[in-house]
Amino acid sequence: MRRLKELGLTQSLDVGYLLAPRGRALLGLPAVSTPGPEIEIAVSDGDVDVAELTALYDAVGWTAYTRDPAGLLAAVTGSSRVVLARRGAALVGLARVITDGASICYLQDLLVHPDDQRTGIGGRLVRAVLEPYAHVRQTVLLTDDDPAVGMFYRALGFAETREHGDGTLRAFVRVLPPS
Ligand SMILES: CC(C)(COP(=O)(O)OP(=O)(O)OC[C@H]1O[C@@H](n2cnc3c(N)ncnc32)[C@H](O)[C@@H]1OP(=O)(O)O)[C@@H](O)C(=O)NCCC(=O)NCCS
């Protein structure tokens, strides 16, 4: 199966959407390990440049983005909310959301530099980027069919669509071929 990360998305088609039921996205989360005090998580006010974005996205292998750096910058700066993790000046993580602020949040892109994974940064980024949207009923995302990533999102209260409710929920996606 063709991996969506090579198509500009970040997951395989057989996983489908993951969905956090209303109010669950930020509630009842298991504790995650805390990163060192040198990591700062902050909402971006546009203080991110294309070179550091490209380096971070390349570090996790998301080449569909980095083949088009201008498009990557447009995607990040055009998002509803972007949260950055920095160690000093170095960008080590990012999460971004596209939302109407009322009924739907789409978590598009969550990434932590491989050198900094499993230190709690990913969990902190998800909480920070979704923090203003606790009232929004649906939070959805697409991700690779990777057991570790599945464990990560389950630890944050998400469920695969086929595991949600009575199991009848399905996700559909349409992706343009690379230009
Ligand atoms: C997925 C990703 C964002 C997780 O970020 P992270 O900072 O490593 O995750 P955290 O340290 O916050 O992990 C929180 C919990 O999730 C679970 N988890 C995270 N990564 C895991 C792994 N590789 N295996 C098993 N469980 C994992 C654990 O329960 C973990 O808590 P613990 O470390 O106390 O056991 C990161 O691995 C990443 O950037 N991967 C590449 C990009 C990607 O696939 N992004 C997601 C698709 S949108």
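# A tour of the predicted model

The protein chain holds five helices and seven strands; helices (H or I, at least four residues) and strands (E, at least two) are DSSP runs, numbered from the N terminus. This is a predicted model, in which local features need pLDDT of at least 70 and side-chain atom pairs count only at pLDDT 80 or more, while totals for chains, interfaces and linings use all residues. Residues are numbered from 1 along each chain as its sequence is written.

**Whole chain**

Show the protein chain as a cartoon and follow it along the sequence: the pattern is β-β-α-α-α-β-β-β-α-β-α-β. Now colour by pLDDT, the predictor's confidence in each residue, from 0 to 100. The chain averages 85, and 79% of the residues score at least 70. Select residues 1–17: pLDDT there is below 50, and the stretch has 52 contacts in the model beyond near neighbours in sequence. Two residues are in contact if their C-beta atoms, placed from the backbone, lie within 7 Å. Select residues 21–31 next; pLDDT stays under 50 here too, and the model has 16 contacts beyond four places in sequence for this stretch. Where pLDDT is low, the predicted coordinates should not be read in detail.

Of the contacts in the chain with a separation of 6 or more, 68% are between residues 24 or more positions apart. Of the 179 residues, 31% count as buried. A residue is buried if 20 or more other C-beta atoms lie within 10 Å of its own, exposed if 12 or fewer, and partly exposed in between, with C-beta atoms placed from the backbone.

Select residues 39–43 and 81–87. These are β2 and β3, which pair in the antiparallel sense over five bridges; two strands pair if DSSP finds at least two bridges between them.

**Core and helix α4**

Select Tyr 57, Leu 94, Ala 95, Leu 125, Val 126 and Val 129. They have the most contacts inside the largest nonpolar core, which has 33 residues. A nonpolar core is a set of buried Ala, Val, Leu, Ile, Met, Phe, Trp, Tyr and Cys residues joined through C-beta atoms within 7 Å. At least two residues of this core come from each of α1 (50–59), α2 (63–66), α3 (69–77), β3, β4, β5 and α4. Centre on Tyr 57: not counting residues up to four places away in sequence, it touches Trp 62, Tyr 65, Thr 66, Leu 72 and Leu 111.

Move to α4, where eight of the ten residues are buried. The buried set is Ile 121, Gly 122, Gly 123, Arg 124, Leu 125, Val 126, Val 129 and Leu 130. Their cover includes β2, β3, β4, β5, β6 (138–141) and α5.

The shell has 21 residues, the closest being Gln 117, Gly 122, Gly 123, Ala 148 and Phe 152. Two or more residues each come from β5 (104–112), α4 (121–130) and α5 (147–155). The largest share, five residues, is from α5. By type, the shell divides into eleven nonpolar, eight polar and two charged residues. In this count Ala, Val, Leu, Ile, Met, Phe, Trp, Tyr, Cys and Pro are nonpolar, Asp, Glu, Lys and Arg charged, and the others, Gly among them, polar.

Start with Ile 104 in strand β5. Ile 104 counts as partly exposed because it has 14 C-beta neighbours inside 10 Å. Leaving aside neighbours within four places in sequence, Ile 104 is in contact with Thr 99, Val 136 and Gln 138. Its C-alpha lies 6.5 Å from that of Arg 137, a residue 33 positions away in sequence.

Most residues other than glycine have a negative phi. Go to Asp 109, also in β5: Asp 109 has a positive phi of about 85°. Asp 109 is buried, since 23 other C-beta atoms lie within 10 Å. End at Arg 118, in the loop between β5 and α4. Phi of Arg 118 is positive as well, near 65°. With 13 other C-beta atoms within 10 Å, Arg 118 is partly exposed.

Methods
Near = placed C-beta within 6 Å.
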